[in-house]
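Look at the protein model below and follow its charged side chains, then its rings, and finally its overall fold.

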Amino acid sequence: PFFVVVVAPDLPSGTLLSSAERLQQSRIDSSLHLARRYVRIAHPDASFWRHGSRLVVFLPQGRSRTPGDGGTLTEELGQICARIEQQNAPHTVSLGISGLTRDVAEFRHAYQCAVQSIEIGKALHKRAMSVVAGYEDLGLFRFISRTDSPEGLTRFCEDVLGPLLERDRTAGSQLVETLRVYLAENRNLGKAARALGIHYNT
(Lines give C-alpha, C1' and ligand atoms only; values in the text may rest on other atoms or scores of the structure.)
Protein backbone atom coordinates (compact mmCIF):
# COMPACT_ATOMS: atom_id res chain seq x y z
CA PRO A 1 0.00 0.00 0.00
CA PHE A 2 1.11 3.55 -0.66
CA PHE A 3 0.11 7.20 -0.75
CA VAL A 4 0.97 9.71 -3.45
CA VAL A 5 1.66 13.26 -2.28
CA VAL A 6 1.88 16.27 -4.57
CA VAL A 7 3.87 19.23 -3.25
CA ALA A 8 3.42 22.71 -4.68
CA PRO A 9 5.31 25.87 -3.71
CA ASP A 10 3.22 28.67 -2.22
CA LEU A 11 3.69 31.64 -4.51
CA PRO A 12 2.01 35.04 -4.36
CA SER A 13 -1.13 35.18 -6.44
CA GLY A 14 -0.96 36.94 -9.76
CA THR A 15 0.72 36.46 -13.07
CA LEU A 16 4.47 36.06 -13.16
CA LEU A 17 6.14 38.95 -14.93
CA SER A 18 8.85 37.95 -17.37
CA SER A 19 11.40 40.04 -15.47
CA ALA A 20 10.60 38.11 -12.27
CA GLU A 21 10.57 34.62 -13.76
CA ARG A 22 14.12 33.81 -12.71
CA LEU A 23 13.44 34.93 -9.13
CA GLN A 24 10.21 32.91 -9.03
CA GLN A 25 11.94 29.82 -10.44
CA SER A 26 14.59 30.11 -7.75
CA ARG A 27 11.86 30.34 -5.11
CA ILE A 28 10.09 27.28 -6.55
CA ASP A 29 13.32 25.28 -6.58
CA SER A 30 14.17 26.29 -3.01
CA SER A 31 10.69 25.49 -1.69
CA LEU A 32 10.59 22.06 -3.32
CA HIS A 33 14.13 21.28 -2.17
CA LEU A 34 13.10 22.07 1.43
CA ALA A 35 9.98 19.92 1.14
CA ARG A 36 12.02 17.01 -0.18
CA ARG A 37 14.52 17.31 2.64
CA TYR A 38 11.91 17.54 5.41
CA VAL A 39 9.74 14.72 4.05
CA ARG A 40 12.76 12.44 3.53
CA ILE A 41 13.68 12.82 7.22
CA ALA A 42 10.22 11.56 8.24
CA HIS A 43 9.96 9.00 5.39
CA PRO A 44 13.39 7.69 4.37
CA ASP A 45 11.78 5.14 2.02
CA ALA A 46 9.96 7.81 -0.01
CA SER A 47 10.69 8.37 -3.71
CA PHE A 48 10.64 11.86 -5.25
CA TRP A 49 10.54 13.38 -8.71
CA ARG A 50 9.81 16.76 -10.22
CA HIS A 51 6.80 17.25 -12.43
CA GLY A 52 6.93 20.82 -13.73
CA SER A 53 6.73 23.19 -10.77
CA ARG A 54 5.56 20.43 -8.43
CA LEU A 55 7.20 17.62 -6.53
CA VAL A 56 5.61 14.15 -6.58
CA VAL A 57 6.23 11.90 -3.58
CA PHE A 58 5.63 8.14 -3.54
CA LEU A 59 5.13 7.06 0.10
CA PRO A 60 5.09 3.28 0.49
CA GLN A 61 3.49 1.98 3.67
CA GLY A 62 5.65 -1.12 4.08
CA ARG A 63 6.26 -3.64 6.82
CA SER A 64 8.25 -1.15 8.89
CA ARG A 65 5.15 1.06 9.13
CA THR A 66 1.62 -0.04 9.82
CA PRO A 67 -0.51 1.06 6.86
CA GLY A 68 -2.15 4.12 8.29
CA ASP A 69 -5.10 6.16 7.29
CA GLY A 70 -4.92 9.46 5.47
CA GLY A 71 -5.84 11.40 8.62
CA THR A 72 -2.66 10.42 10.45
CA LEU A 73 -0.54 11.23 7.41
CA THR A 74 -2.35 14.55 6.95
CA GLU A 75 -1.46 15.54 10.52
CA GLU A 76 2.15 14.44 10.10
CA LEU A 77 2.61 16.31 6.82
CA GLY A 78 0.83 19.32 8.29
CA GLN A 79 3.49 19.47 10.99
CA ILE A 80 6.20 19.27 8.34
CA CYS A 81 4.61 22.18 6.42
CA ALA A 82 4.39 24.19 9.63
CA ARG A 83 8.10 23.57 10.36
CA ILE A 84 9.07 24.58 6.83
CA GLU A 85 7.08 27.80 7.23
CA GLN A 86 8.47 28.59 10.69
CA GLN A 87 12.08 27.92 9.76
CA ASN A 88 12.24 28.96 6.10
CA ALA A 89 9.57 31.55 5.27
CA PRO A 90 8.86 32.81 2.63
CA HIS A 91 9.71 29.37 1.20
CA THR A 92 6.54 27.45 2.03
CA VAL A 93 4.69 24.59 0.38
CA SER A 94 1.22 23.07 0.28
CA LEU A 95 0.48 19.38 -0.15
CA GLY A 96 -2.27 17.18 -1.59
CA ILE A 97 -2.53 13.56 -0.46
CA SER A 98 -4.17 10.68 -2.31
CA GLY A 99 -6.18 8.02 -0.53
CA LEU A 100 -4.40 4.85 0.57
CA THR A 101 -3.79 2.84 -2.61
CA ARG A 102 -3.05 -0.88 -2.63
CA ASP A 103 -2.13 -1.58 -6.24
CA VAL A 104 0.68 0.06 -8.22
CA ALA A 105 -1.56 -0.19 -11.29
CA GLU A 106 -3.68 2.49 -9.58
CA PHE A 107 -0.77 4.93 -9.33
CA ARG A 108 -2.11 7.27 -12.02
CA HIS A 109 -5.47 7.53 -10.27
CA ALA A 110 -3.71 8.16 -6.93
CA TYR A 111 -1.66 10.93 -8.52
CA GLN A 112 -4.80 12.56 -9.96
CA CYS A 113 -6.44 12.38 -6.52
CA ALA A 114 -3.42 14.08 -4.92
CA VAL A 115 -3.49 16.85 -7.56
CA GLN A 116 -7.22 17.32 -7.03
CA SER A 117 -6.67 17.43 -3.25
CA ILE A 118 -4.12 20.23 -3.43
CA GLU A 119 -6.13 22.28 -5.92
CA ILE A 120 -9.43 22.01 -4.05
CA GLY A 121 -7.73 22.22 -0.65
CA LYS A 122 -6.08 25.51 -1.51
CA ALA A 123 -9.36 26.86 -2.91
CA LEU A 124 -11.26 25.92 0.26
CA HIS A 125 -8.75 27.27 2.79
CA LYS A 126 -8.74 30.95 3.59
CA ARG A 127 -5.05 30.65 4.30
CA ALA A 128 -3.02 30.40 1.10
CA MET A 129 0.13 28.91 2.66
CA SER A 130 1.06 25.54 4.15
CA VAL A 131 -2.24 23.89 3.22
CA VAL A 132 -2.39 20.11 3.55
CA ALA A 133 -5.45 18.44 2.02
CA GLY A 134 -6.24 14.74 1.97
CA TYR A 135 -8.41 13.22 -0.72
CA GLU A 136 -10.52 11.37 1.83
CA ASP A 137 -11.41 14.70 3.48
CA LEU A 138 -12.77 16.38 0.33
CA GLY A 139 -16.22 14.80 0.63
CA LEU A 140 -18.47 15.79 -2.27
CA PHE A 141 -15.73 18.05 -3.61
CA ARG A 142 -13.94 14.86 -4.65
CA PHE A 143 -15.87 14.67 -7.88
CA ILE A 144 -16.17 18.36 -8.78
CA SER A 145 -13.69 17.96 -11.60
CA ARG A 146 -14.80 14.41 -12.37
CA THR A 147 -18.51 14.90 -13.06
CA ASP A 148 -17.91 14.06 -16.70
CA SER A 149 -16.12 10.85 -15.73
CA PRO A 150 -18.35 7.85 -14.99
CA GLU A 151 -15.30 6.13 -13.51
CA GLY A 152 -14.77 8.97 -11.03
CA LEU A 153 -18.42 8.93 -9.95
CA THR A 154 -18.41 5.15 -9.66
CA ARG A 155 -15.32 5.27 -7.43
CA PHE A 156 -16.90 7.95 -5.26
CA CYS A 157 -20.09 5.92 -4.85
CA GLU A 158 -18.15 2.77 -4.05
CA ASP A 159 -16.02 4.60 -1.47
CA VAL A 160 -19.02 6.18 0.25
CA LEU A 161 -21.74 3.55 -0.24
CA GLY A 162 -19.56 0.45 -0.67
CA PRO A 163 -20.25 -1.08 2.76
CA LEU A 164 -24.02 -0.54 2.37
CA LEU A 165 -24.04 -1.97 -1.16
CA GLU A 166 -22.05 -5.00 -0.05
CA ARG A 167 -24.34 -5.61 2.94
CA ASP A 168 -27.41 -5.35 0.70
CA ARG A 169 -25.86 -7.86 -1.74
CA THR A 170 -24.81 -10.40 0.89
CA ALA A 171 -27.57 -10.09 3.50
CA GLY A 172 -30.51 -9.10 1.33
CA SER A 173 -31.00 -5.93 3.39
CA GLN A 174 -32.34 -2.62 2.04
CA LEU A 175 -29.87 -0.18 3.54
CA VAL A 176 -29.30 1.82 0.34
CA GLU A 177 -33.05 2.19 -0.24
CA THR A 178 -33.51 3.22 3.40
CA LEU A 179 -30.81 5.87 3.00
CA ARG A 180 -32.38 7.11 -0.26
CA VAL A 181 -35.79 7.54 1.40
CA TYR A 182 -34.25 9.17 4.48
CA LEU A 183 -32.47 11.74 2.29
CA ALA A 184 -35.56 12.24 0.09
CA GLU A 185 -37.52 13.09 3.26
CA ASN A 186 -34.93 15.75 4.19
CA ARG A 187 -33.49 13.56 6.97
CA ASN A 188 -36.80 13.50 8.83
CA LEU A 189 -36.89 10.17 10.69
CA GLY A 190 -40.66 10.18 11.20
CA LYS A 191 -41.49 10.81 7.54
CA ALA A 192 -38.87 8.33 6.36
CA ALA A 193 -40.23 5.63 8.68
CA ARG A 194 -43.78 6.18 7.39
CA ALA A 195 -42.62 6.10 3.75
CA LEU A 196 -40.75 2.86 4.37
CA GLY A 197 -43.60 1.33 6.42
CA ILE A 198 -41.35 0.65 9.41
CA HIS A 199 -41.27 1.76 13.04
CA TYR A 200 -39.54 5.05 13.84
CA ASN A 201 -36.94 3.34 16.08
CA THR A 202 -36.03 0.93 13.29
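The structure holds 5 salt bridges, a salt bridge being a side-chain nitrogen of Lys or Arg within 4 Å of a carboxyl oxygen of Asp or Glu. This is a predicted model, in which local features need pLDDT of at least 70 and side-chain atom pairs count only at pLDDT 80 or more, while totals for chains, interfaces and linings use all residues. Residues are numbered from 1 along each chain as its sequence is written, and side-chain values use heavy atoms, with hydrogens and water left out.

One of the salt bridges joins Arg50 to Asp29, with the closest N and O atoms 3.1 Å apart. This pair links distant parts of the chain: Arg50 lies in strand β2 (residues 47–51) and Asp29 in helix α1 (residues 21–42), 21 residues apart. Helices (H or I, at least four residues) and strands (E, at least two) are DSSP runs, numbered from the N terminus. Are the two partners buried or exposed, or something in between? Arg50 is partly exposed at 38% relative accessibility, and Asp29 is partly exposed as well, with a relative accessible area of 33%. Here buried means under 20% relative accessible area, exposed means over 50%, and partly exposed lies in between (1.4 Å probe, protein chains only).

Two further salt bridges lie within helices. Arg169 pairs with Glu166, their closest N and O atoms being 3.3 Å apart. Both residues belong to helix α4 (residues 150–171), and because they are 3 residues apart there, about one helical turn separates them. Arg169 is exposed, with a relative accessible area of 62%, whereas Glu166 is partly exposed at 38%.

In helix α5 (residues 175–184), Glu177 and Arg180 are likewise 3 residues apart, so they are separated by about one helical turn. Their side chains meet in a salt bridge of 2.7 Å, N to O. Glu177 is partly exposed at 33% relative accessible area, and Arg180 is partly exposed at 47%.

Next come the aromatic rings. The whole structure contains 4 aromatic pairs. Rings of Phe, Tyr and Trp (its six-membered ring) pair if their centres lie within 6.5 Å; planes under 30 degrees apart count as stacked, over 60 as edge-to-face and the rest as tilted. Trp49 and Phe107 form a tilted pair, 5.8 Å centre to centre with 35 degrees between the planes. The pair links distant parts of the chain, with Trp49 in strand β2 and Phe107 in helix α3 (residues 107–124), 58 residues apart. Trp49 is partly exposed at 34% relative accessible area, and Phe107 is partly exposed at 22%. Ring pairs also connect these two residues with Phe2 and Phe58 in a cluster.

How many disulfides does a search of the whole structure find? It finds 0, a disulfide being counted when a pair of cysteine sulfur atoms lies within 2.5 Å. Two cysteines can still be placed: Cys81 is buried at 1% relative accessible area, and Cys113 is buried at 3%.

Finally, consider the protein as a whole. The protein has 6 helices and 5 strands, which follow the pattern β-α-β-β-α-β-α-β-α-α-α along the sequence. Of its 202 residues, 37% count as buried. A contact means heavy atoms within 4.5 Å; among contacts between residues at least 6 apart in sequence, 58% join residues at least 24 apart.
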